[in-house]
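Please find below a short note for someone opening this entry for the first time. The points follow the ligand and then the metal site.

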Amino acid sequence: MFTQKAQAFPNRRATDQHTLVEMQLAALAYQNLPAMLGVNIAATLGVAFLLYADGVSYLPVWLALVFVLSGLRLLCWFFFQRYCANESREQAKVGGWVLLYTLGLHSAALIWVAMVFITFQLATSEAKFTVIVIISALAGGATGITAPLKYAGRIYITILLLFTSVIIYWVASEHWVFSVLGLVFWVAMIISHRNNHYVLLKSLTLQMENKQLINNLQHLNAELELRVQQRTSALERIAHNDALTGLPNRLGLIDWMEKKLHADNPQEAAILFLDLDRFKQINDALGHEVGDQVLRMIAYRFNEVCPDDAILARWGGDEFLLVTAQADNTRERAETLARQLIDAAIAPLCIRDESLGVGLSVGMAYFPTDAINFQDIIHAADLTVAEVKRSGRGNSLIYNDIYAETQKRRFDLGRALSDAIKQNELTLAYQPIVNALTNEVETLEVLSRWHHPSLGVIDPCEFIYLAEETDRIVALGDWVLYQSCSKAREWRRQDSAIKLAINVSIKQLLAQNFSGRVISILQETAFPPDALILEVTESLFGEAHLDTTLVTVTQLRSFGVEVYIDDFGTGYSSLSRLHEFPVTGIKIDRSFTAQLDKQGLVIIESAMLIAQKMGLKVVVEGVESAAQFDKLLKLGIVSMQGYYLGRPSPVPAIRSSKQ
Ligand code: C2E
Ligand code: MG
Ligand code: MG
């Protein structure tokens, strides 16, 4: 009964279990108080009825005492209930309440003892028996009802039974049997109270321990849950972020886009694909550690530029993506952002006391205008940045459908190119380089031609670039060399002095054992090495591969093969490099010939001067008219090439077409 109700003070946070048990015991004692008072009043009224008949004069005083005391105890109960219900109290202090309860309890017992005293002096036997029965019943009931209070209950029983026994013996010794019975009862009731209190205390303690255990388990559970949650979010962070820069990775970016961009929203969002320029060189030349540092610094700078409502993510390698949220003025903002990002990238980076420079190419696409699918829109921005790279880097472009078509064409052509070599779709054209003084063809430049079965004639600039991109240039170059050298043996029977000029891409030159392969093809085709000219652009002088190219060119020269710098003046060749490399001559680019009336003349004159000083031969390309021919001749240029002197043709012109 007690344990079921032992949930008083539901809002208390007891500091220790002992205090909590004490609180519950006090609450239990008070819970039983109204019932106890009810029984008391009923017994009082019963006794009053009997004594009234006996005409006991103290009866009103006694009754008044009982009612006043009961009233006070009821008030006490009432205030205790309020005290218990008050949630703001941190911890219940029950000592005072127990004292009040005890005072009321013991006073009630004393009042009953007083009644025994009166009854055994003045009343009839019936009244005496009734009082004895009531006292015994009250003491019996008290073993359970006052069990929560260890001492108060036992004193109550003692007052009721022991005091009564003594008083009976004192005022009416002829009833000594009652006194003896009272003593026996007292001992029995005290033992019963003690047992009841013990059981109650034990069950409350166990209940508290259980509660504590459950609390601990709940706490442990909550702690475990928190840890699982923390782990889950840590794993999520790792999965969604790039470890090097701390920026969101692809997953993180797509996640953000899924949350922020909705195709049904009429406003636009910009996708800026950021691709670093010259990062590979830094990585190759200075190592990955420096490369990583560069990426971290660049990521930091980009992040500074990135607006709060946009996301900056690392897409992979040296590629980043900035996506803005949907807004009205997206295009203006995107273009400003692109400029700011380029500026942020080109500012020098100081790493290990070295000042390094990277650039930035930016491809922009707009969602949902250019595509509504996230992968597609990123792809569109990626295609655009590839276009920026091709058109000179360090700039930004906005997506155009043509880029996708171009890319598709490139992809198709790239795949078709390897078959083209195998299926003999490639042919060769020969363009003469003429001695302007004698009108004799000195050299035939070999130029590749590709006639695709469905796409028609493909511009050499396009397929040579593709071959370089896809590394098929090595196989193509070997084929050109083999074919032209084997055919050239025939013409050399007519003109033994005629030479062959073959274009060689820097990728071929850097390929494994290039010079060895050239020599073996020359041997196979029995073509004399000193009749072969290899044309390489100024990319030959690129810092990243200087050592390799220098060795290869030196080896080729040692066999007698000549090496010319093609399209001279369009790239970057320092005079010292020109001096270091054992090249034979330069071919001045046709763009200068086309501008002979303007600064082209000055450039050709300067190039000639340099070539003379360095002992290099000079060929001028792109001679399209008699006027150009005459002007160049007056300048002292002997070797010329151009449509005026002969167009590229599948059948080589041994004589110049110039009239
Ligand atoms: P290039 O080596 O500078 O070749 C000369 C290019 O200029 C040729 O274009 C030729 O047709 C063109 N040309 C010659 N005279 C004139 C002229 O008077 N006016 C004008 N406007 N153009 C003239 P083509 O055949 O389209 O070749 C373009 C480039 O493709 C070549 O430039 C060369 O770099 C490359 N290429 C061609 N075939 C091969 C090859 O087999 N291997 C390699 N690696 N590159 C090749
Ligand atoms: Mg050439
Ligand atoms: Mg050229």
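Which residues are closest to ligand 1, and how many surround it?

1. The model is predicted, so local features need pLDDT of at least 70 and side-chain atom pairs pLDDT 80 or more, while totals for chains, interfaces and linings use all residues. Residues are numbered from 1 along each chain as written, chains are lettered from A and ligands numbered from 1 in written order, and side-chain values use heavy atoms, without hydrogens and water.

2. Ligand 1 is surrounded by 24 residues (a heavy atom within 4 Å). The closest are Ser 448, Asn 503, Asp 566, Arg 590 and Glu 624. By class, 9 are nonpolar, 7 polar and 8 charged.

3. Strand 9 (441-452), helix 15 (460-469) and strand 13 (562-568) each supply at least two shell residues. Strand 9 gives the most, with 4 residues.

4. Polar contacts (N or O pairs within 3.5 Å) reach ligand 1 from several side chains. Oxygen atoms of ligand 1 lie 3.0 Å from a polar side-chain atom of Arg 449 and 2.8 Å from one of Asp 566. A nitrogen atom of ligand 1 lies 2.5 Å from a polar side-chain atom of Glu 624. The protein covers 87% of the 790 Å² of accessible area that ligand 1 has on its own (Shrake-Rupley method, 1.4 Å probe).

5. The magnesium ion (ligand 3) is coordinated by Asp 566, Asp 567 and Glu 621 at 2.0 to 2.7 Å (donors are N, O and S atoms within 2.8 Å of the metal, or 3.2 Å for Na, K and Ca). Asp 566 also bridges this ion and the magnesium ion (ligand 2), 3.8 Å apart.

Methods: A polar contact is a pair of N or O atoms within 3.5 Å; within protein, one must be able to donate a hydrogen and the other to accept it, and residues adjacent in sequence count only if both atoms are side-chain atoms. Ala, Val, Leu, Ile, Met, Phe, Trp, Tyr, Cys and Pro count as nonpolar, Asp, Glu, Lys and Arg as charged, and the others, Gly among them, as polar.
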